[in-house]
Amino acid sequence: MKKIKKILHSADGSAYYFIFPSIILLLVFNVIPLVFSFVLSFCNANMTLDHVDFAGISNFTKAFTDSRFLNSLKVTALFAVIEVPIQTFGAMIIAAMINKNTAGNKFFRAVYFLPVICSATAIGIMWKMILHSNVGFFTYMIQMAGMGRINYFNDPKITLFVVAFISIWRSFGISAIVYVTAIQNVSSSIYEAAEIDGANKLQQFINVTVPSIRPTFWYILMTRLAGSLQIFDIVYMTTGGGPNFTTESTVTYVYTRAFSANSEMGYASAMSFVLFVMIMIITVLLYRRMNAED
Amino acid sequence: MKKKVLSVLMSAAMVMSALTGCGSSSSGSAANAAESKAEEKSEEKNEVTESKDTEETATEDAATEVKPVTVKFWNSFTGSDGDKLVELVNKFNDENKDGITVEMDISSNLDEQLSSAFAAGEGPALLLFSSASRFTYGDYMQSMNDIFDKTSLDKNDFIESYVDYCSEDGETYLIPFQIVSFYLYWNKDLFEAAGLDPEKGPQTWDEYVEYSKAITDASKNIYGSGLCYAYNYQMAHVIQRFGDLAVTKDDSGKWAANFEGNTGYAKFLDMYKGLVDSGDNPLTDDTDSMMTAGQLGMTINGPWLSSGMDTAGINYGITTVPTGDAGAMNSVEVLGFSVTTVATDEEKAAAYKFIEWWNTMDADGNCPALTWSLENGCPAYLKSLIENEQYQANAKVMAMTNKDTSVRSDFITSSAFPGVGQIINDVLPQITQPVLFDGKPAEDVLKDAQTLADDIVSKYN
Amino acid sequence: MKEKTGSIAAGIIKYFVLICISVLVIIPLSWLVIGAFKTEKEILSYPPTFFTHSFTLDNFEKLKSRIDVYRYITNSVIYAVGTTAIAVVVNSMAGYAYARKNFKGKGFFFLFTLSTMMVPFQVVMVPMFLVVYKLGMYNTYWGLIIPRVAVAGSIFMMRAAFEGLPKELEDAARIDGLGEFGIFYRIMLPQVKSAVICLVILSINGSWNDLLWPMLVASDTKMRTLANGLALFVGQNSIQYGASFAGAVVSILPMLIIYLFGQKYFVEGMASSGLKS
């Protein structure tokens with residue numbers, strides 16, 4: 001008893017007090033539901049959960065023969081490949097351009113953050129109308145500019161890029177502002193030292209800024225990766241997975257299976273577990289890499 | 001998008017209802033959640049019991065005295081049509097001499113409210129919902145066969161196919177209230193510009209294609225035909241005109257899917273693909289906006305499209321969806337009144353009186369069913385109303401009415417097939433989109449669809 | 001000389017990029033806001049217009065007559081402020097511990113926290129709702145707020161912020177005899193003020209625009225949030241673009257005011273951290 005008390009009172013041991021509330025809340029409201037849905041993935045169950053039968057691993061075997069699920073994994077991976085680099089590196093470069101507190105930079109920061117405060121409903125209805133294949137404002141302007149009429153939401157070749165664009169449009173402001181905060185926290189004495197060594201702006205960025213904001217880089221990379229592998233609301237509000245399922249992400253498909261007229265909760269849980277395991281593996285690998293750097 | 005948002009809400013409501021039902025039954029004790037709601041309910045219940053007590057003593061004293069009854073009536077008409085419903089219900093409460101009070105509750109979360117109430121052995125005596133609701137709440141719905149004996153309503157006055165739609169194995173579970181169907185809308189100005197008769201919409205699908213080609217004007221970004229691959233309900237309403245129902249009972253009485261080798265469906269797919277390829281049908285997931293913007297010659301949609309076109313000032317005509325190879329038919333969903341198992345005999349009798357009143361012409365020639373039909377632009381389900389002068393004078397509802405009242409009414413599957421939602425949402429997109437986007441032959445696509453549909457059908461056999 | 005032309009060219013490219021992005025942000029949003037003042041007919045006219053020829057306030061009146069805007073805004077405010085206030089405390093405490101303490105099981109707890117970030121919400125929302133229901137928090141503000149407080153992403157963000165601080169700060173405070181909570185609250189937390197402001201804005205924003213969770217937990221009409229109310233509006237069979245745009249504008253406005261207020265702190269937070277020099 002005394003020993004435990006001593007640990008809790010030590011500088012490092014007090015950490016348990018600090019993490020206690022978050023751990024309890026995450027346990028009750030995230031992990032218990034997660035375990036529940038894990039159990040469900042071995043059952044056949046409908047949405048009302050009043051008919052639950054044990055189904056063994058049949059849901060998992062079904063998933064890997066379901067072409068729509070496999071397609072959704074491909075779509076999700078492609079989406080992440082488009083979105084994550086732009087969010088992590090693009091936003092970093094933009095942040096480096098606007099980190100000084102000049103009036104102009106403050107203006108740019110304010111503008112870039114604007115989409116972040118809009119709801120998915122608002123963004124969805126806005127882009128759907130602006131990029132409408134026929135009566136859309138942008139569609140019309142692009143056509144007037146002589147670039148032809150582009151069918152943004154109904155061309156299987158480009159619609160995923162349009163969805164990725166809207167997703168980036170909506171959230172790159174967060175990434176940029178988080179980077180700006182991190183860059184501003186880098187001690188200016190390091191820059192001064194670099195300047196004395198004769199480093200130019202670009203060299204300063206690569207040799208001073210980038211290494212100094214590494215924790216933030218990892219934060220952006222991992223949250224954006226997790227976020228883009230779970231892309232749902234933008235797809236839902238714009239294309240609904242179409243055309244021809246080229247934008248149907250895994251979570252969109254899982255959601256359809258779970259909450260459509262004939263809900264297959266068990267199957268939906270199984271598919272989301274496959275996704276979860278994949279995200280987990282990627283995260284653990286990244287986490288190791290991150291710790292190795294530290 | 002609207003359909004999607006709606007489905008999010010509906011599924012959320014369903015999830016809700018499911019859980020509320022599950023939770024309260026398993027916990028046994030009064031659900032600590034929604035405490036105030038529960039209290040409210042029990043208070044109401046007490047009142048009802050008290051009034052019942054007084055009623056009983058009253059009847060003993062004087063048998064002729066009227067018994068006051070309260071009928072709880074739930075529905076989900078949250079739109080502007082709900083205001084009209086309130087008005088009519090109030091009228092009934094004022095007018096009826098049987099001491100009946102219809103206590104209406106309009107809710108946007110009807111599903112959730114219902115299952116928690118049913119699980120607690122409470123709930124409304126009278127309900128208004130879609131005939132497909134019986135696949136969810138069938139256990140709580142009373143057979144209403146006796147309404148034609150106990151009231152002055154004449155079963156023969158109801159269009160038979162609509163009553164059939166609400167019946168299963170000879171038991172009628174809903175009395176029709178509103179017929180929801182899809183119609184062909186055409187833009188009269190664009191017809192005129194193309195040299196077509198602006199007063200006459202296409203009667204056949206050949207005419208539809210012909211008119212589409214005449215109307216399309218690429219230089220003005222105008223298209224003749226407005227078929228929309230992402231609008232599953234539109235696809236369902238149209239495709240059954242070509243190849244009839246997707247799921248029916250076979251000779252052995254089992255459900256069977258009819259996709260593979262369905263030449264009617266193949267014909268539709270080829271027509272749609274042809275119109276897209278020739279540039280007469282836009283490749284778009286949203287035809288409503290184009291129709292409202294005056295950029296589209298024809299489209300097929302529900303009665304709600306007209307209000308948008310009215311505000312936009314579009315000069316349009318309405319007609320029934322052209323008949324195809326599958327012959328004359330209505331493609332409808334029927335909303336109707338249902339008396340629940342919660343209702344006592346008195347409440348059931350009172351609910352019947354209300355339904356009777358709704359469908360009966362008064363001395364001044366007013367009938368709530370008629371008012372409702374004219375105000376909301378939905379066709380009548382009573383033969384006598386179709387003959388009515390006021391009804392005949394309303395060009396819009398007349399255009400929506402199938403003159404042949406003997407024609408059958410279905411929607412994409414036999415009305416008793418519980419998996420209808422899956423056929424619409426999971427199978428139909430899998431036949432239209434591969435044809436449009438991958439250029440797959442219709443026959444192959446229908447073969448794949450058969451596999452999908454067989455899987456769904458097998459769950460209900 | 002050569003270097004100077006180089007930096008001028010770089011400056012031109014820089015501003016070109018920055019301005020292009022700004023245009024991409026401002027044009028669609030302005031189109032939306034102006035659209036809220038257009039008639040339905042003009043919104044759906046071809047060719048499409050940018051500025052309105054038909055200024056009207058009808059869309060806002062239609063919105064007000066159909067949904068209880070004030071009630072929904074109140075609920076949204078309670079949800080957003082409640083969640084944020086508790087979230088800041090819980091998440092920054094956890095982030096602080098993961099960044100600055102070495103304790104047994106740190107790796108495990110941190111991965112445990114991170115793993116919750118990997119689970120699609122759509123998958124756990126039903127069991128999550130069941131938990132809330134069983135705890136008797138259904139249709140209450142607590143039911144809305146408590147489950148959404150602890151967020152792995154926020155803990156991760158605060159951890160990143162705390163990691164950047166020099167060790168000397170802590171040591172000096174410890175010598176001064178401050179307790180562990182004192183060090184955290186009085187010394188360390190003020191150092192990451194900008195990150196806290198960031199967290200506040202993201203949290204308020206997240207709950208303000210949250211759609212699915214309030215729809216599940218607060219089904220009572222009186223408990224509905226603004227995002228929900230709008231979705232109901234957009235979800236009707238015949239979508240009314242004008243009123244939907246008006247609704248979108250109404251939902252963005254309060255966030256915009258908070259943001260413009262917070263924007264100041266993005267800058268100040270850094271200046272007052274004492275780290276710059």
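# Chatting through a three-chain model

Visitor: Where do I start with chain A: how far apart are the C-alpha centres of its domain 1 and domain 2?
Guide: They lie 31 Å apart in chain A. Domain 1 of chain A is 1-40 and domain 2 is 57-293, with bounds that come from an automatic or database domain assignment.

Visitor: What kind of model is this, and which residues qualify for local features?
Guide: It's a predicted model, where local features need pLDDT of at least 70 and side-chain atom pairs count only at pLDDT 80 or more, while totals for chains, interfaces and linings use all residues. Residues are numbered from 1 along each chain as its sequence is written, and chains are lettered from A and ligands numbered from 1 in the order in which they are written.

Visitor: What ipTM and pTM does the complex get?
Guide: The predictor gives an ipTM of 0.87 and a pTM of 0.84.

Visitor: And what's the average pLDDT of chain B?
Guide: Chain B averages 83, with 83% of the residues scoring at least 70. Residues 1-64 of chain B are below 50, and that stretch has 83 contacts in the model beyond near neighbours in sequence. For reference, pLDDT is the predictor's confidence in each residue, from 0 to 100, and two residues are in contact if their C-beta atoms, placed from the backbone, lie within 7 Å.

Visitor: Where does pLDDT stay under 50 in chain C?
Guide: Over residues 267-277, for which the model has 16 contacts beyond four places in sequence. Chain C has a mean of 83, and 90% of its residues reach 70 or more.

Visitor: Switching topic: how many residues go into the contact from chain A and chain C?
Guide: Chain A puts in 77 residues and chain C puts in 77. Helix 2 of chain A gives the most to the chain A side, with 18 residues. That side divides into 54 nonpolar, 20 polar and three charged residues. Here Ala, Val, Leu, Ile, Met, Phe, Trp, Tyr, Cys and Pro count as nonpolar, Asp, Glu, Lys and Arg as charged, and the others, Gly among them, as polar.

Visitor: How many helices and strands are in chain B?
Guide: 20 helices and 14 strands; helices (H or I, at least four residues) and strands (E, at least two) are DSSP runs, numbered from the N terminus.

Visitor: How is chain B divided into domains?
Guide: Domain 1 is 69-180 + 333-400, and domain 2 is 183-329 + 428-458. Their C-alpha centres in chain B lie 32 Å apart. Six residues of domain 1 of chain B are in contact with seven residues of domain 2. Helix 18 (residues 395-400) of chain B gives the most to the domain 1 side, with three residues. By class, that domain 1 side of chain B has four nonpolar, one polar and one charged residues.

Visitor: Why does B:Thr292 count as buried?
Guide: Because B:Thr292 has 29 C-beta neighbours inside 10 Å. The cut-offs: buried takes 20 or more other C-beta atoms within 10 Å of a residue's own, exposed 12 or fewer, partly exposed in between, with C-beta atoms placed from the backbone. B:Thr292 is in helix 12 (residues 288-292) of chain B.

Visitor: What does B:Thr292 touch?
Guide: Not counting residues up to four places away in sequence, B:Thr292 touches B:Gly308, B:Met309, B:Ala312, B:Ile314 and C:Leu44.

Visitor: Which residues of helix 15 of chain B are buried?
Guide: B:Pro368, B:Ala369, B:Leu370 and B:Ser373. Helix 15 of chain B is followed by B:Gly377, with a positive phi near 60°.
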